[in-house]
Every structure is written in C-alpha cells, then in structure tokens.
Amino acid sequence: MSARNAVVAPAPHPADWLAPLRARDLLPDDAVAAFVVGSVARGWENSRSDFDIYVVTTEEWRTETSSDTLMPLDPPRVRSEVFYENSRRWEVTYWLESQIDQMLAKITWERYTSGVFAGEILSPREETTLARLAHCLPLLGIEWIEAKYEVLKQSAFRSIVVVRSLGFADDAAEDALGQLESGHLESAVLSARRALSHAVDALLESAGEYGSHMPKWRPNRFRAAAPEVLSFERYWELETMRGLDPDDPRPWVRSVLTTCQDIAMRVETS
Amino acid sequence: MTSGPRVPRRALGVRVRLVAGNLVLGVDAEGMELADVAKLIYESADGRNSVSDIAGIVAAEYGAEPEEVGEDVTEFLDELAASGVVEWVTEESPR
C-alpha cells in the first residue's frame, strides 16, 4: 500500500472519557447523564474526528466560555464548551433534562396523526439529538439514557422521519419527471439524485438507522442496516451515478425513480 | 383481449405508501388501497413481467391455473392503467 493510500488509524479512546471534563470543571454536580455521540460512538471516527459529548443537567449550564446554539425549546438554546486535548477537539453540549423531555413530547402518536407535516415536527438538530440516543456511548446515568431511549422507541419518531423522507423523495421525483418532460435533463438528473437520497434515507430510517441530516454517513448507515430491499452494491452504483449516460440521462433518471418507488412500496409507514 | 405481449409498468410519479401491509396509491382523497391479490398484481407490474407472467405469478401464489386468473388479471391491469397508476410498456402486437 502506498503512503498516499495508507489508512491512518484513529488514536485510541481515552480510558476515562469524563476525566478531561472533570479536570476543566466541565462536569456539573447536577449531571444526570453523559454520553459520547457522533462518529466516535458509532466506531466510524478518524484521526481528525471531534469528540462530541452530551451532558444532561437539571440546571442550565452557565459559564463565560460557553457558546449558545438556538433551539425551538424552553429555554431556547443549548450551551456548549470546546477544548483541545492531545490535538483532539472536544465539544461538550449541555442539554437540560426538561429539553430532552420537550423533544420527546413532540413525537407522540397523537401529534403524528394530527395532520401536522412530518417534516415540521422536529428541527434538524432536535431530530439528530434524539436519534443519537439510539447509538451513543453512555458515560454516566446509563439507566436514564436507557429510559429515554425506551420512550423514543415507543414514540412515533420512526414513522415521523420515514414519512418525512418519503414525502421529500416523492417531491423530488415529481420534479425530475417534470424536468424530463420539459427537456431540462441536467436538472432532472439532480432531482433524481435528491429523490434517491431521500428514499434511501427513508429505507434506513425504517431500520432504525437515523441521521438523514448527515448524508456523509449514508453508506455506513446503509451497511449497518443491510436492507433486503436494495443491495449495497446497487445503492452505491446509483449513488455514484455509474450508469449515467451524459448524452442521454433519461434512462438513468427513470431507473433511479423506479428504485425510489420500489423502496416506497416496501417501507412500512404506520 | 390478448394476454400475451402486453407488458405493464407501475407509472412513475405515483405516490405509494405501505400502510399496515397494504399499498396506498396517491395521498389525497382519490387514494386507492390495494390488498392481497390486487397488491401482488401491482407489485408485479415492473416493466418486465408480461400480463401472462403476472397471471402466472398470481396463479402460483393462490394455487390456481394461469388460465383461471388470466382474464381477471388483465381486467384489473386495464383498470389500473385507466386510473393512471400503471402504463403499458408494450401494447398488443399486431395480429
């Protein structure tokens, strides 16, 4: 293997994930849970990956060094701290326990069946946060984490994100067909790609592999879900547009849209 | 009506959902629900199976002879085509 192609193994994880936080006084006494999220929690990290940690507290985190991210919750923000250790960037995000409960309260079956557009029930960050309960590395409060994950599993979360993604796939497919009819072939290709992305996301979400807002991990999520409906090889062939004839993209577009429809026919929605 | 060379295909652009095991086509008040044999016929209309192939699929699934179900399959596919949810890739060949 040449140096250019050499795989750089990520540095080993800390033996005690919470030690760097304690050393910097970043772990409050009222923490009810702490867990590693993101690529590290999935085992997909690389040597440049951040270490992302969620800490759940009962009182709002307040320091002069924290930064705010706006959220559609009460209070309408989460705070985070960033530091570096051994050349790694660590980001610690502080969620109030009540904010987690507010997000879980948005994904009830009553809400899902109330006619609200599924894509508007959660913000992307809320969706990502809840999804991370499914694949996190618990550090503190494992019973709390398991209890919240159980609530998530019993909720309409899966149906909400699946229906949302299928709806987006339909919209993109309709765009692609219209663009084919009007001769806007390049745009039809892009719309078909978008339809494929959403349809595959729906397929993966139906298998509990969430994370549509981070498409860079779609191949990993696909391998983890291993759906019977579509092989990885076929998915990757479409994702990388291998069958596209630039002189006549119409067959490729129709093939992609057919795959999207095949997925929609096989993804159960409640 | 012949059931030989005609090849149906699910029309693209039709919204499809799998709800409690049944297929729902369209998402508005005009939605059509397909269960059991109707669902199987629609699923089998993939642009490769001819009408007679689909009759064979249905017959195999329900323990019948293709000749017994051929007419019903043809009729149903014609209904689906009239509704715009199926289109004909290959129409009847000249006799």
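Biologist: In which loop of chain A does A:S87 lie?

Modeller: This is a predicted model, in which local features need pLDDT of at least 70, side-chain atom pairs count only at pLDDT 80 or more, and totals for chains, interfaces and linings use all residues. Residues are numbered from 1 along each chain as its sequence is written, chains are lettered from A and ligands numbered from 1 in the order in which they are written, and side-chain values use heavy atoms, without hydrogens and water. Strands (DSSP runs of E, at least two residues) and helices (H or I, at least four) are numbered from the N terminus. A:S87 is placed in the loop between β4 and β5 (88-96).

Biologist: What is the phi of A:S87?

Modeller: Most residues other than glycine have a negative phi. A:S87 is exposed, with a relative accessible area of 77%; exposed means over 50%, buried under 20% and partly exposed in between (1.4 Å probe, protein chains only). A:S87 is not a glycine, yet its phi is positive, at about 65 degrees.

Biologist: Which loop of chain B holds B:A20?

Modeller: B:A20 also has a positive phi, near 50 degrees, although it is a residue other than glycine. The residue is exposed, with a relative accessible area of 68%. Its place in chain B is the loop between β2 (16-19) and β3 (22-25).

Biologist: Is the peptide bond from A:D74 to A:P75 cis or trans?

Modeller: A:P75 belongs to the loop between β3 (67-70) and β4 (77-85) of chain A. Most peptide bonds are trans. From A:D74 to A:P75, however, omega is near -5 degrees, and the bond is cis.

Biologist: Is α8(A) roughly parallel or roughly antiparallel to α11(A)?

Modeller: Helix α8 (residues 185-206) and helix α11 (residues 250-266) of chain A pack with their axes 9 Å apart, at an angle of about 20 degrees. Axes are lines fitted to C-alpha atoms, for helices over the stretch in contact, and angles run from 0 to 180 degrees between N-to-C directions. Angles under 35 degrees count as roughly parallel, over 145 as roughly antiparallel, 65 to 115 as roughly perpendicular and the rest as oblique. The angle therefore makes α8(A) and α11(A) roughly parallel.

Biologist: How is α7(A) directed relative to α8(A)?

Modeller: Helix α7 (residues 157-182) of chain A packs against α8(A) with the axes 8 Å apart. The angle between them is about 165 degrees. Relative to α8(A), α7(A) is therefore roughly antiparallel.
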